[in-house]
Amino acid sequence: MAIKVKAVERNVSFDKNAEKWAYVLQAELYNKLTQAKVIQEASLRSGIPKGSINAAWEVIGEVIKAWATEGHAVAVPGLGTMRFGIRSTSVANVNSVGTDLITSRRVIFTPSSDIKEELRRTSINITCYDRNGEIVKRVTSSDDGDVEDPENETPTGGSTGGNTQSGSTPVTPPAGDNGLGE
């Protein structure tokens with residue numbers, strides 16, 4: 001398995017009269033799997049009827065929602081924990097404390113050590129596209145696989161994610177080939 005990322009050359013200048021080109025990375029999302037698809041797959045893998053899994057899924061969702069609104073960090077089976085939180089500004093004067101200090105509400109997911117390890121071991125494949133949409137390079141990760149700690153919001157190990165350049169391969173696809181074998 002690998003996480004697929006694309007790096008697209010874009011004009012990142014904020015000045016309308018100037019161009020500043022840079023490669024911008026973004027994960028390629030395949031699609032959003034529906035609850036029905038997940039339940040069907042869980043039924044196939046476990047042998048438990050879809051109706052039973054669906055009922056349990058619905059109840060577990062309600063329990064997680066109820067406990068999270070009470071301030072608990074709630075286990076999400078096999079994945080980690082989730083809780084509700086906020087972002088806010090601070091003030092020096094207690095008389096200025098109010099809900100207007102809250103800038104956003106958040107859902108905070110803290111992955112289990114097993115999920116972090118799976119992510120750390122998962123390679124990252126980057127396909128680079130120039131401003132004309134042509135593939136110009138492919139990169140395979142060779143970084144340390146640092147995984148962000150959502151509780152501290154900094155990468156573990158103090159790294160910025162490592163260098164992915166050592167596994168790079170320039171691509172020159174034949175005419176009429178998009179380089180993806182399609």
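Where does Thr122 lie, relative to helix H3 and strand S6? Thr122 occupies the loop between helix H3 (113-121) and strand S6 (123-129). The views below concern a predicted model, in which local features need pLDDT of at least 70 and side-chain atom pairs count only at pLDDT 80 or more, while totals for chains, interfaces and linings use all residues. Residues are numbered from 1 along each chain as its sequence is written, and side-chain values use heavy atoms, with hydrogens and water left out.

**View 1. Overview of the protein.** The protein contains 3 helices and 10 strands; helices (H or I, at least four residues) and strands (E, at least two) are DSSP runs, numbered from the N terminus. Of the 182 residues, 19% are buried, a term that means under 20% relative accessible area, with exposed over 50% and partly exposed in between (1.4 Å probe, protein chains only). Among contacts (heavy atoms within 4.5 Å) with a separation of 6 or more, 43% come from residues 24 or more positions apart.

View 2. Thr122 counts as buried because its relative accessibility is 18%. A polar atom of the Thr122 side chain lies 2.6 Å from the backbone oxygen of Glu118. Not counting residues up to four places away in sequence, Thr122 touches Met1, Ala2 and Ile3.

**View 3. Thr127 in strand S6.** Thr127 is part of strand S6 and, at 11% relative accessibility, counts as buried. Leaving aside residues up to four places away in sequence, Thr127 touches Val5, Lys6, Ala7, Ile135, Lys137 and Arg138.

**View 4. An open sheet of 3 strands.** The strand order is S3-S4-S5, with antiparallel pairing; two strands pair if DSSP finds at least two bridges between them. Strands S3 (74-76) and S5 (102-111) stand at the edges with a single partner strand each, so one side of each has no neighbour in the sheet. Strand S3 is joined to strand S4 (residues 80-88) by 3 bridges, and Val74 stands opposite Met82 in S4.

**View 5. Arg131 and Trp21.** Arg131 lies over the face of Trp21, at 3.9 Å from the ring centre. A charge sits over a ring if NZ of Lys or CZ of Arg is within 6 Å of the ring centre and within 35 degrees of the ring normal.

Technical notes. A polar contact is a pair of N or O atoms within 3.5 Å; within protein, one must be able to donate a hydrogen and the other to accept it, and residues adjacent in sequence count only if both atoms are side-chain atoms.
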